Amino acid sequence: MPEPKSAFDATYPCDFYEPAELFEPDQMYTIPEIGRLLQGLEPDAEVDPDTEAVLVDWAVPWVMVHAADMVIAEPLSEDGPGYYGLADHTAPDDSEATNVDESA
């Protein structure tokens with residue numbers, strides 16, 4: 001049931017991470033690990049099953065929205081999860097860190 005905004009003490013911007021802010025460029029992550037990262041947790045943080053279900057519910061649409069900036073890998077085992085990581089074109093480039101003005 002909808003609630004009026006006045007029923008809440010505060011509201012917050014609905015900001016989400018970009019993949020380059022969330023992932024290490026050389027790592028691949030499962031959906032549950034991505035859910036933890038989106039909540040500011042370590043990928044291997046212990047969470048109860050109900051919390052993990054909510055984190056997965058948040059992670060799946062986030063992955064779909066950011067699919068163009070990500071890569072996917074087949075599971076490491078036949079019954080294992082898929083893995084997602086940062087696409088090469090999205091990873092920070094070392095040359096950007098040393099921005100030299102060539103017109104000088």
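**Before you start**

Number residues from 1 along the chain as its sequence is written, and read side-chain values as heavy-atom values, with hydrogens and water left out. Because the model is predicted, local features need pLDDT of at least 70 and side-chain atom pairs count only at pLDDT 80 or more, while totals for chains, interfaces and linings use all residues.

**Stop 1: the whole chain, coloured by confidence**

Colour by pLDDT, the predictor's confidence in each residue, from 0 to 100. The chain averages 88. Of the residues, 87% score at least 70. Confidence is highest in strand β1 (residues 28-29), with a mean of 98. It is lowest in helix α4 (residues 94-97), with a mean of 45. Now select residues 95-104. The pLDDT there is below 50. Beyond near neighbours in sequence, this stretch has zero contacts in the model. A contact means heavy atoms within 4.5 Å.

**Stop 2: cartoon view**

Switch to secondary structure. Helices (H or I, at least four residues) and strands (E, at least two) are DSSP runs, numbered from the N terminus. Count four helices and three strands. Read from the N terminus, the order is α-β-α-α-β-β-α. Among contacts with a separation of 6 or more, 48% link residues 24 or more positions apart.

Next, show the surface. Its accessible area is about 8,100 Å², by the Shrake-Rupley method with a 1.4 Å probe; for residues, only the protein chains shown count as cover. Carbon and sulfur atoms hold 52% of that surface. Of the 104 residues, 22% are buried. Buried means under 20% relative accessible area, exposed over 50%, and partly exposed in between (1.4 Å probe, protein chains only).

**Stop 3: the sheet**

Two strands pair if DSSP finds at least two bridges between them. Two bridges join β1 to β3. Zoom in on Tyr-29 and find Tyr-84 of β3 opposite.

Step on to Thr-30, in the loop between β1 and α2. Thr-30 is buried, at 8% relative accessible area. Leaving aside neighbours within four places in sequence, Thr-30 contacts Pro-81, Gly-82 and Tyr-83.

**Stop 4: helix α2**

Select residues 31-38. This helix is mostly covered, with six of its eight residues buried. After the helix comes Gly-40, with a positive phi near 80 degrees.

**Stop 5: Arg-36 and its partner**

Show its surroundings. Beyond the neighbours within four places in sequence, its contacts include Leu-41, Pro-43, Val-47, Glu-52 and Leu-55.

Which side chain meets Arg-36 in a salt bridge? Glu-52 does, at 2.5 Å, N to O. The term covers a side-chain nitrogen of Lys or Arg within 4 Å of a carboxyl oxygen of Asp or Glu. Glu-52 lies in helix α3 and Arg-36 in helix α2, so the pair ties together parts 16 residues apart in sequence. Glu-52 is partly exposed, at 27% relative accessibility. The structure holds one salt bridge.

**Stop 6**

Select helix α3 (residues 49-65) and pick out Trp-58. Trp-58 is partly exposed, at 43% relative accessible area. With Trp-58 they form a nonpolar surface patch of about 300 Å² accessible area together. Patches are made of residues with over 30% relative accessible area and no salt bridge: nonpolar side chains (Val, Leu, Ile, Met, Phe, Trp, Tyr) are joined within 5 Å, like charges within 9 Å.

**Stop 7**

Finish at Ala-68, in the loop between α3 and β2. Ala-68 is exposed, with a relative accessible area of 62%. Draw a distance to Ala-87. The two C-alpha atoms are 7.9 Å apart, and the residues are 19 apart along the chain.
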